[in-house]
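Hello,

Here is the structure I promised to hand over. Please load it first, then read my notes below.

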Amino acid sequence: MSIVKFDNVTKIYTSGDHELKALNKVSFTLDEGRFVVILGPSGAGKSTLLNLLGGLDSPSEGTITVNGKDISTLSDNELADYRAATVGFVFQFYNLIPTLTVYENVELVLEISENALDAKQMIEEVGLTDHLHNFPAELSGGEQQRISIARALAKNPKILLCDEPTGALDSETGVMVLKLLLSMAKNYGKTIVIVTHNQSIAKMADIVIRVKNGKIRSVEEQKNPMSADEVEW
Amino acid sequence: MLVRKLFRTAWSYKAQFISMIIMITLGMGVFLGFNMEWRTIEADTGSFFDDTAYADYRLYSEKGFTADDLKKIAAIDGVDAATRYLTVNLDIKGEKNKSLALDVSEDFNVSTFIVTDGAAYDENGDGFWLSDKFAAANDYAIGDTLTLEFQGIGITGRIVGLIKSGEHMICVADKNQLMPDYNTYGFAYISPKKLRSAVEEKVRNTAADKLKKQGIPDSAVDDSVDKLLKDGTMVDEAMDQVFAQVNVLSDMSKEDLEDTVRDALGRTIMVTSKDDHVVYKEAMGEAAEGKTMGSVLPVLFLAIAILTMVTTMHRIATKEKLQIGTLKALGFKNRRILRHYTSYGLFIGLVGTGLGVALGYWICKLVMSEDGMMGTYFDMPDWSVAIPTFCYFVIIGTVALLTLISYLSVRRQLKGTAADALRPYTPKKMRKVFLERFRFWDKMRFGTKWNIRDLSRHKSRSAMTLVGIIGCMVLMVGGLGMRDTLAGFLDLLDNDISAYTTKVNLVDNADKTQALALADEIDGDWESLTGISFEGETVALDVVHNPNGLINIINEDNEPITLSDEGVYLCLRLKDKAQIGDTIEFSPYGSSETYKAEVIGYNRSIMTESITMSDRLAEKLGIDYTLTAIYSDKTAGEIKGSDLIAGKQDKGQLMDTFDSFVQIMDSMVIILVIAAVILGIVVLYNLGLMSYVERSRELATLKVLGFRNRDIGKLLISQNIWLTVIGVIIGLPAGVGVLRWLVIALAGEYEMKLMLGWLTYSVSILLTFGVSLLVSLMVARKNKKIDMVEALKGAE
């Protein structure tokens, strides 16, 4: 069953007289529960794609349907509700709230999500129970990213959106984080969309969407994706 | 190139730059305005006093001074000039409720005037030199004729010149009148020759009456009188009595002058220095009041402005860290980069102080100009603005300090290598706050925790916000409270102290028996105010007879006192001179007698610094006094004219003279409240914006997670509301404290009791909350525009 559908989506950024077509008539569909990697060089339009899917931005043309709902024409508040209920984000630089402890950062989503999962349990699953009352600045990069994964999953979203989740980590930590991300997504039955320029991550994906110059070059289904341990980093 | 960068950077931080410039302008403007005001009073009144040879000392003698006395006084080593002087309040014939102080300076070298229109002074002249303000208020012009009623005869003449005089720079009929009212009271000078002819007429009339009573036939009276007056002795003697005052220019001390005059004349003479003369005293009082005001509130303003600068410059420098690193990496020397960023402070300093000087000049002019607030109080020709010397240092020092602040903020970022500078600014590590030790912490909502931790993480920003709110509150409570206090003071004067309808001022040295008879006739209470020397100071002895309760003496709590005959009451200004139960000594001027009395209480004396006693005690002690005023329930029309009466004042009329005083106070309050609101808005907006920018990444994260704009707005507003609550809790008592201090500092002039109405409290609190809420909404509105994508890109 398809959970995401992009139909002729165009995104144009204007600054002054200058127009930049970041996405040009993009169409694709994604099925529920799959691990999708969107691959492309910088400036290709992959982050724009993720932002539109995450409800951080609206398309200039075309429609985006997620979980059966057209999100391309939603108001600010409706988009906020959409983000709260449907998507979870994992960022390159973690984006934890520095003034909240590990536990509070995860617990935070209870304020907005109606069917949130237990914060403590999520932290336990990412293996950081010992750091419940630490502040983000007291953790390593990998640990912070694990908390960010716990926070994203605690909302119990349909889709997990990750923007270069290992971009700020060394390769060893990166592999560990990726493994955790995949196993947790699988356990909880989430669709994962990772945006990256790292070819190695693509080898692990069910589906690889290649983007270049604002257009989809290919959508490729991998019959036998490699595990994180098999991939050469 | 870097100059271009300066302006572009300034533009990109426009909110911060503008708010810093506004704060410096406001701080500098209020500081300079208040300080220029008192300096201008000192300078302009000082030069006016010099120009009109304002007397340093006034010598009084009931018997008057002879021409010979004057010679002896003028000959004293240390006396620069002296003149026999007359000043007396006279009614204008044919005018209702209009009177003039008529002045004569025999040797026109002391207590003179300057002519603004018409003829110069002529010692043989026959006309009046009239106050130009009185002339303008009553449509008198040069050439018009005036008649003044003087001791039963009329002094008539044409107005030959319009003038201003230092002796009447604050033109009030007596000490109880706060503000001049030129519609009813002014002053005029005549020549000694004209005075002599009036006195001669009076002597002639008196002599003729006497002769007629002795049975001399009417036809022979004139000849006999001519003979009597021929050698001029009788007129000379009468003139000696008229001149009950000698005005002196001298640098001697009061004690030395008293001693040398006593030695020269062989009798004790009452000497008062200009410090006790209502004009000089009030003018210097105004200047002192300005100094007091100038030393508190404006300094607070300037301090807040500079503190805001410190916080803001630090934030800008940290935000510019990457650019500083880039410039460094490009090969710019530290000195060049420092110079560049330091010029930000210099730029803000120069623009801010420049505008501040202009604002200060405007504020000063608002008070000190002919059309300004003091225009109705002081009657003087020159209103040029003067600036205290220390203000130049403050101006230069402020610019230097602001430059130094930006220098230090940038130097911190320049430490280390170019690579260090290129690394993004790392905010302070988060530490657990004190409240987290308690159980209830875990129960708190995330927004509360977030705000508390944010406040503790950015202590200087939070403290500055608090200072801004407290400052706003203090200014409002101070300003509005001042008004309440004044209103309370007037209410007290109108209702509690003065229950009479008409105040009858008696002529100097009115005959006591006749005066008591007059008091009886009009069912009046009366008082006698005379100068006495007490503990080396000149104060008033107020002998009061008030069985009808028309004039009341009140205690510290504003409750009426029934005067006891067992002792005296000291006014609150004299409270530290003697305790209850102490026996004090004092001696009336012009008398070698010393009296002793026990202090049995303190009273609030509205105007004069005085010692009060009942008339029975005065009799018991054997004090010789004359009545100075009778207070009656009858209207002025019901009280018949008499030689004893110098003037009649309606209480309403007296209270009306306070109106312009109230207006001045109102304008001051409006300035203060507007300043408070601007201060609040600028400080809170600047800091609110800073806090918003610093947290923009966190706010973007919340937004991405699915928080609505309104939820995030609430978070931002609630932080400001907490700070406002704390600020108000501290600011309210602080404002009352500042006000209490001001009232005490100003008590040298009036014994006011601090009064604050509930309206003041509520308006101050509501306005402060209003300002805080308005600013929070302005900042919170911005979060709609927050760019989630942009904010999430960089690393923390």
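Chain B has 796 residues, and 42% of them count as buried (20 or more other C-beta atoms within 10 Å of the residue's own, with C-beta atoms placed from the backbone).

A word on provenance and numbering. This is a predicted model: local features need pLDDT of at least 70, side-chain atom pairs count only at pLDDT 80 or more, and totals for chains, interfaces and linings use all residues. Residues are numbered from 1 along each chain as its sequence is written, while chains are lettered from A and ligands numbered from 1 in the order in which they are written.

Chain B overall

The C-alpha trace of chain B spans about 120 × 55 × 45 Å along its principal axes. Chain B holds 24 helices and 21 strands (DSSP runs numbered from the N terminus: H or I of at least four residues for helices, E of at least two for strands). Take the contacts in chain B with a separation of 6 or more: 83% of them join residues 24 or more positions apart. A contact here means C-beta atoms, placed from the backbone, within 7 Å.

Where A meets B

On chain A, 26 residues are in contact with 22 residues of chain B. Helices α2 (76-85) and α3 (102-107) of chain A each supply at least two residues of that side. α2(A) gives the most, with 6 residues. By class, this side of chain A has 15 nonpolar, 4 polar and 7 charged residues. Nonpolar means Ala, Val, Leu, Ile, Met, Phe, Trp, Tyr, Cys and Pro; charged means Asp, Glu, Lys and Arg; the others, Gly among them, are polar.

Two helix pairs in chain B

First pair: α5 (residues 192-213) and α7 (residues 233-242) of chain B. Their axes come within 9 Å and cross at roughly 115 degrees (axes are lines fitted to C-alpha atoms over the stretch in contact; angles run from 0 to 180 degrees between N-to-C directions). α5(B) and α7(B) are therefore roughly perpendicular (65 to 115 degrees). From α5(B), the contact uses Arg196(B), Val199(B), Glu200(B) and Val203(B); from α7(B), Met234(B), Val235(B), Ala238(B), Met239(B) and Val242(B). That contact has 7 nonpolar, no polar and 2 charged residues.

Best regards

Definitions and conventions. A residue is buried if 20 or more other C-beta atoms lie within 10 Å of its own, exposed if 12 or fewer, and partly exposed in between; C-beta atoms are placed from the backbone. Two residues are in contact if their C-beta atoms, placed from the backbone, lie within 7 Å. Angles under 35 degrees count as roughly parallel, over 145 as roughly antiparallel, 65 to 115 as roughly perpendicular and the rest as oblique.
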